[in-house]
Amino acid sequence: MKNLLITCSALTMLLIGGCKKAVVQATESLSNQKLSRHASNLISVVGTIYYVDPLGDDNNNGTSISTPWKTISKVNTITFAPGDQILFKADGVWTGNLAPLGSGSAGSSIVIGQYGTGSKPVINGGGLTNGSVTLLLNNQSFWEINNLEITNTVTLGQQYTVTGIKVNNSGATAASNITINNCYVHNVNATGFGTPNYNKGSGGIIFTGLINNVLVLNCHVKDCDIEGIRTSSSVKADNVVFEGNLIENIYGDGIVLNGVKNSKITHNVLRNTCKSDAANYAACWTYNSLGTIISYNEVSGIKGGGPYDGQAFDADIDTNGDIFEYNYSHDNDRGFMLFMPSAQNIIVRYNISVNDVKNANSSPSGSKLINYTSNYTTNKIYNNTFYTNDSFTRIFQYTNTASTFAFNSTFSNNIIYATGTITRFSDKPIMASAVFKNNCFYPQSITAVNGPAGTVSGNTYADPKFNNASATGGPADFKLQKTSPLIAGAVNFTNNGGIDYFQTNLPLSNPDVGFAQSSYPFTGFIANADTYVRNGTYADNNYGTESTFIVKSDANSYARKAYVKFDFSALPSTMVSNARLVLNASSVNTDPSRTISVYTAATNTWTETGLTWNNAPLSNPLVNSFVAYGADNYSIDVTSVINQNLSTGNKIITFVLINNAPASSKSDIYFTSKEQTSNKPQLNIIL
């Protein structure tokens, strides 16, 4: 009989609870949004509902609970139409291979699910033949598979390739709109590497061929060989999403997107993947991918992965523009990430890695945090936190023996905190194209051999002052205390995602170093006076009313230095936790960089309209320095000198900005003065 198809699929999916995990935030709301976006493809107005019960009869019409079919074999003889449903009875168990026929259509998917109350229907594939698949969709589109328990266990002694759920498209025209939701796929024991029937495209949930608009949501994949969930397509499939899944105890790779664009791996938990060392595997990775987002995943427990791999994440061959963000990896033995030679425009940001190197169980190629073999200079690794508690060989490894490249891209705003000994920073000397800005390397000894090179500035070697860092700590333990020298200490990146790991909004400029943005309240004081002075024939001139102040190292009559005064008498405290001088550079000349030294003035009695080179106060010892490369906001740590002033009851301070480098006519930098309507010099203080 025909029925209004507004039941089972959408309602069941909306009621499903995803895996609960501390690291994965907002999974339920994201999942429901995803289901809503796919709803037009999952809900039809008309379709036939077919029922399957182990106590049924294949001679029945199957269209009511009282007249159900009995076997999978019967289901496999029917070509289903758009909008149809195939519902298996809760608590029912079947043995065999389900391969229903037919395709749905836009707005009228065919749905497989359960009816009645109780446990998920179980389909045991049996592993009886090589290549067997418990549930197969072949050259079909617009299907939804819900609430099934799937196994495919090969008899001991047999060496077969088997798969739990497989969706295949062998044609050049894309299949589309496949959703697999809330299924439990387990005990799929395909034969391993080195045996005649070994096939990496076997395991839990597998997609082969060009299939667009795929969603695998809230599934549990456990004890599967070879793979957990993966795609494989020579032509990039569009909009493939693996979300909210729990994947554990996997012989090989956990999640792989191979041949995709505009796709996502998000809010998944992967435990104990890459169990085998027989071949190269990684937990969560992309291959031949364009613009894939890998976010909010938790990866732990990797012990294997082969001669070179075993990392939590991997930007593999022909990846371009993939973004790895907001992930938590911990207690993996083989490192955090792998970059293959053709990986380009890869962004790795706001991730946390804890105890991801175990020297005693390193791969044959040795222990490392990052295996970096990319030939491209366009990759960016920024605002990540790495905590390691074991002694190991290197931060950066290079296993691309065909290339002379070492690390050659951008590594900025990261924290590497090591409690053990790291033999060398890099296997090879860092390339001149590399950029290392505003990182925290603690202790400094980890950079002693083949350390940062190329463009290097703003790096610190002080204790980052985590909340409660330890080998067993969770992400929140690696937030910064308010006394951390890394607060507001990062360089700015455009299009930085706008939030940190904890979904805290990032400031418009000068975020914190590391994966977590602090939200400590601060008091901001605008400069009371600012100006610059010029030497030589201009030594008696005053520039106090100008809208910028200039710092320049140059010949006599062309050199300039700046003075910026703050009155923070309104501050009630006699000691502060953190203080930052924030300056906006509106423009720079063509020198690639300039180092600006920050001093304090010996007196504060000067006036903005009276200061000249000839009457300028002397400078006290150096407070700090920073390297300016271009127009940007710069945040300088001045906590120590502010506390020195407060200890004597002095709440007025003048900062003197000087470029002490050899003379250069192209070294000038222009800072926005208090005469401007915005971006004025500011002293930000956290009590």
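Analyst: Helix 4 covers residues 639-647. Its buried residues are Thr639, Val641, Ile642, Asn643, Asn645 and Leu646. Buried means under 20% relative accessible area, exposed means over 50%, and partly exposed lies in between, with a 1.4 Å probe and protein chains only. Helices are DSSP runs of H or I with at least four residues, strands are E runs of at least two, and both are numbered from the N terminus. An α-helix has 3.6 residues a turn, so residues three or four places apart point the same way.

This is a predicted model: local features need pLDDT of at least 70, side-chain atom pairs count only at pLDDT 80 or more, and totals for chains, interfaces and linings use all residues. Residues are numbered from 1 along each chain as its sequence is written, and side-chain values use heavy atoms, with hydrogens and water left out.

What do the buried residues of helix 4 pack against? They meet strand 47 (578-588), strand 48 (594-601) and strand 49 (619-628), and also strand 50 (632-637), strand 51 (652-658) and strand 53 (682-686). A contact here means heavy atoms within 4.5 Å. Just after helix 4 comes Gly649, with a positive phi of about 80°.

Now place the helix in the whole protein. The domain assignment gives domain 1 (49-478) and domain 2 (524-686). Such bounds come from an automatic or database domain assignment. The centres of domain 1 and domain 2, taken over C-alpha atoms, are 51 Å apart. The C-alpha trace of the protein spans about 105 × 50 × 45 Å along its principal axes. The protein has four helices and 53 strands. Of its 687 residues, 59% are buried. Take contacts between residues at least 6 apart in sequence: 76% of them join residues at least 24 apart.

Phe411 sits in strand 37 (residues 410-412). Is Phe411 buried or exposed? Phe411 counts as buried because its relative accessibility is 0%. Phe411 and Asn438 are 27 residues apart in sequence, yet their C-alpha atoms are 9.0 Å apart in space.

Next, some backbone details. Most residues other than glycine have a negative phi, and most peptide bonds are trans. Asn272 has a positive phi near 55° and is not a glycine. Asn272 lies in the loop between strand 22 (269-271) and strand 23 (284-290). Asn272 counts as partly exposed because its relative accessibility is 24%. Lys465 also has a positive phi, of about 60°. Lys465 lies in the loop between strand 42 and strand 43 (523-526). At 34% relative accessibility, Lys465 counts as partly exposed.

Two peptide bonds deserve a look as well. A cis bond joins Asp225 and Ile226, with omega about 10°. Ile226 is in the loop between strand 15 (220-225) and strand 16 (227-232). Another cis bond joins Tyr442 and Pro443, with omega about 0°. Pro443 is in the loop between strand 41 (440-442) and strand 42 (455-457).
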